[in-house]
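Here is a short report for a reader who is new to this structure. Please look at the sequence and the model first, then read on.

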Amino acid sequence: MAKETMKKTGGKKSSSKRSASSGTGSANSRKKGAARKKAARKKKRFIIFGVEIFLLLVLVAGFYVVRQLDKLQRPEVNPENVKVNETIPEETVQTMSGYTNVALFGLDTRIPGQLGKGNRSDTIIIASINNDTKEVRLVSVYRDTYLDLTNGKYNKCNGAYSAGGPEQAMTMLNKNLDLDIQYYMSVDFAALTETIDLLGGIYIDVDEVEIDHLNNYTIETSKVTGVATQKLTQTGRQLLDGVQATSYCRIRYTAGDDFKRTERQREVIMEIVSKAKEADIAKINEIINAVFSKIATNYTNEQLIQMAPEMIGYDIVDTQGFPFDKVAASIKGKGSCVVPVNLAENVKQLHEYLFNNYEYEPSEEVQAISDQITSDTGY
């Protein structure tokens, strides 16, 4: 560019040329900056978990989905049985009214298609949607977090779904975290496995500490889903089928334990989303036909139809794990648990993170639970 300019001006660049060059450079810089920001936003939108495959399919397939909504499972959920703490400060209630909070569960079911109580929730996510800005924040509640299961019994929080299904699981989140969740979505292993297979598999980089655990998990995953597979024979980036990728999601016996497993789940879903965005409508329809019967929710068809066009504007801006301050500790009779270091303070951070509420004070119920956890564990 500089050489061409010098030739046209006899080796001398006029001030107007310099200004134009500067302007072009500035414009290019702005374009690059905008591209980076766009790429960053796109990446954030990919950081989602398995149950949000459902939302993606609604977007990609459009209102074809309306004809398929009756395939969704709807275990009976009595709204009166989904409790909210009575002593939540009115200011907090008012702040939360500007958000829609949904519980997302990935179930460790051994009987495909059965998504009610009796199954532990391997994945527990709170999706909080700002009704004004459409920004979404996702919080993963670690499955082994030591909390009140709502019946006065303290244990790993994934036991709430097993004991009382989605009603008790939502109540558990509300009671321990001063939330007002009334709606949920649940999926199982089979839904994830079948989706990946229908997409032709996904590429994952498997390292040396993961391969043996992955192969061990394929035995049970294959048995539960009824889908055959092969064990991996080498490490590195490679195409995984549905059983292999689902087994990769389940690995927890490496450094990082459940925290690392959460990262693997993110990685798998990012690959699924990427593949699904490239699929044609016929393939998406095939996935919908196969997967919708493996999803449970208490949203009505009418509510889902209303939500579909709004999802286009949703922007997943961040994800976090809960509790923020935690320790791994062995508790007698409960095994290895994730213990919140001062639950009340963790819940304060949660309300700051989800709702930008820096004035929040824990309710009497949350403070009592926090005190009991400290008494039981010393933290």
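## An aromatic cluster

Tyr184 is buried, because its relative accessible area is 0%. Buried means under 20% relative accessible area, exposed means over 50%, and partly exposed lies in between (1.4 Å probe, protein chains only). Ring pairs join Tyr184 to Phe105 and Tyr161 in a cluster. Rings of Phe, Tyr and Trp (its six-membered ring) pair if their centres lie within 6.5 Å; planes under 30 degrees apart count as stacked, over 60 as edge-to-face and the rest as tilted. The whole structure holds 7 aromatic pairs. In one of them, Phe105 and Tyr161 have ring centres 5.1 Å apart and planes at 65 degrees, so the pair is edge-to-face. This pair links distant parts of the chain: Phe105 is in strand β1 (residues 99–107) and Tyr161 is in helix α5 (residues 159–177), 56 residues apart.

Phe105 counts as buried, at 0% relative accessibility. Tyr161 is buried too, with a relative accessible area of 0%. The rings of Phe105 and Tyr184 have centres 6.5 Å apart and planes at 45 degrees, so this pair is tilted. It also links distant parts of the chain: Phe105 in strand β1 and Tyr184 in strand β6 (residues 183–188) are 79 residues apart.

## The model and the chain

This is a predicted model, where local features need pLDDT of at least 70, side-chain atom pairs count only at pLDDT 80 or more, and totals for chains, interfaces and linings use all residues. Residues are numbered from 1 along each chain as its sequence is written, and side-chain values use heavy atoms, with hydrogens and water left out.

The chain has 13 helices and 12 strands. Helices (H or I, at least four residues) and strands (E, at least two) are DSSP runs, numbered from the N terminus. The chain has 379 residues, and 50% of them count as buried. Take the contacts in the chain with a separation of 6 or more: residues 24 or more positions apart account for 74% of them. Contact means heavy atoms within 4.5 Å.

## Helix α6 and its partners

How do α6 and α10 cross? The axes of helix α6 (residues 189–198) and helix α10 (residues 281–291) come within 10 Å and cross at roughly 160 degrees. That makes α6 roughly antiparallel to α10. Axes are lines fitted to C-alpha atoms, for helices over the stretch in contact, and angles run from 0 to 180 degrees between N-to-C directions. Angles under 35 degrees count as roughly parallel, over 145 as roughly antiparallel, 65 to 115 as roughly perpendicular and the rest as oblique. From α6, Ala191, Glu194, Thr195 and Leu198 make the contact; from α10, Lys283, Glu286, Ile287, Ala290 and Val291 do. These residues divide into 5 nonpolar, 1 polar and 3 charged. Ala, Val, Leu, Ile, Met, Phe, Trp, Tyr, Cys and Pro count as nonpolar, Asp, Glu, Lys and Arg as charged, and the others, Gly among them, as polar.

Helix α7 (residues 208–225) also has its axis within 10 Å of that of α6, and the two cross at roughly 95 degrees. The two helices are therefore roughly perpendicular to each other. Phe189, Ala190 and Thr193 of α6 meet Thr221, Val224 and Thr225 of α7. This contact has 3 nonpolar, 3 polar and no charged residues.

## A buried loop residue

Tyr360 lies in the loop between α12 (343–355) and α13 (364–377). Tyr360 is buried, with a relative accessible area of 3%. Tyr360 and Thr92 are 268 residues apart in sequence, yet 6.2 Å apart in space, C-alpha to C-alpha. Leaving out residues up to four places away in sequence, Tyr360 touches Thr92, Asp178, Val347, Lys348, His351 and Val366.
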